[in-house]
Amino acid sequence: MGNSVILAIESSCDDTSAAVVINGKVISNITASQKVHENYGGVVPELASRQHQIHIVPVVDEALKVAKVDKKDITAIAFTRGPGLLGSLLVGVSFAKSMAMALYIPLIEVHHMQAHVLALFAEDPKPPFPFLCLTVSGGHTQIVKIEDHLTMTILGQTIDDAAGEAFDKCGKMLGLPYPSGPIIDKLAKAGEVKYEFTEPKIADLDFSFSGFKTSFLYFLKKKLSENPDFIQENIHDLCASLQHRIVTILLNKFEKAAVDLDIKHLGVAGGVSANSELRAKLKALCEKHEWSYYIPKISLCTDNAGMIGVVGYYKYLNKNFVGLDVKPDPRMAW
Ligand code: KG4
Ligand code: ZN
C-alpha cells in the first residue's frame, strides 16, 4: 500500500477537531472549542451540536491548509463513531460520510476511548506491548491493558462518576466555570493540601468518585455555615486538596495494576492526563519502580482529531473500513 493520507474528524462532545495524519504521523491537528457551555456547569447537548455545525467546515479547511494537503490527495477519512453525544457525533459522522462519498475514498470508524490510548503512538518513543494505560476523561476512567494497536482490554473502571466529572462537579461547587479541571490545576499551584478527604474502598481495579464528591459537598456546606467567605479565602488550598485526592485515587489503583500484572510500561491518556500533578506524580511513581512512562503532549491528551487519525492509520493498514450506511453509536462498545 502506498502513502496513507488520512483526514480525521472528531466531534463526540464539545470540541470540533480535524487532523491530517500521513503514514501515522500527525501533520496538522486543529481544534475549535466551545465557550457556550461555560456557565451551565456541563455540556448542553443541543448547543454542542449547533456549534459543531458552525465549526466543522472551517476546522477541516484549516487542517488541510496547515498540512498543505489537497482534498484529492486524501486516501481515507477516519471519524469518531462513539461513544459520545448523539447530536454531536451526528455532525462529524455526516460530514465524514459526505466527504468520503464525494471523493470515492474509504471510511474508517474510530472508538473515541481507543483513540485516547493510541494518542501515545503519535509521538516518539512509542510504548512497547504490552503496556498499561490510565485513560481519564470527562466521561471515562479506565485502566486498560494494550496488547497490540487495536487489541485492548479494560481491567478496571469507574462504577459511577469519571475523574474529569469529579474535577468539574467539585469546581462547580466552588463557583468555577465549566470545564473546571484545568482551572483547578492552575489554582492548586499556589495552594497547599490542607483538607483531607477519605479514599473510597472499591474492590480490585475499579474506581469510585461519587463518595468523594458528596464528602466534598458536605465539607463545603459545613465550612460555609461557619464562614460565608470560606471558598474565596481558601480557593487555592481547596483546589490543591481536591486535586491531590483525585490524583492519589487514580495513581494508587494504577500502581496496583502494574504490580499485580507485572507490567513495567505505563501511559496516561484523556483530558485529565493534562493535569500537572497527575503527570508529575506518574513520573515520580515510575522512577521509583524503574518503570518506563509515556505522557503525551497536552494537545494530544484532550479531545483532538490527531488521535482519531492515528487509529485510522492502523485500521487503514488492515483495510478495516466501514460502509456509507454507518451511524453514530453514542454507547459504542470496545
Ligand atoms: O478527554 P476530554 O478532553 O473530553 C472527554 O472525552 O471527556 O476530557 C475532558 C475532561 C474535563 O472533565 C476537563 O475538566 C478535564 O478533562 N481536564 C482536566 C485538565 N484538563 C482537562 N482535569 C484536570 N486538570 C487538567 N489540567
Ligand atoms: Zn475524550
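Into which domains is the protein divided? The protein has domain 1 (5-117 + 301-317) and domain 2 (128-295), with bounds that come from an automatic or database domain assignment. This is a predicted model, in which local features need pLDDT of at least 70 and side-chain atom pairs count only at pLDDT 80 or more, while totals for chains, interfaces and linings use all residues. Residues are numbered from 1 along each chain as its sequence is written, chains are lettered from A and ligands numbered from 1 in the order in which they are written, and side-chain values use heavy atoms, with hydrogens and water left out.

The centres of domain 1 and domain 2, taken over C-alpha atoms, are separated by 27 Å. Contact (heavy atoms within 4.5 Å) links 17 residues of domain 1 with 19 residues of domain 2. The side of domain 1 that touches domain 2 is made up of eight nonpolar, six polar and three charged residues. Here Ala, Val, Leu, Ile, Met, Phe, Trp, Tyr, Cys and Pro count as nonpolar, Asp, Glu, Lys and Arg as charged, and the others, Gly among them, as polar.

The size of an interface is often given as the accessible area lost when the parts come together. Between domain 1 and domain 2 about 1500 Å² is buried, and carbon and sulfur atoms give 74% of this area. Buried area is the accessible area (1.4 Å probe) that two parts lose on being put together, summed over both. Of the area that domain 1 buries against domain 2, M113, V117 and C301 supply 39%, more than any other three residues.
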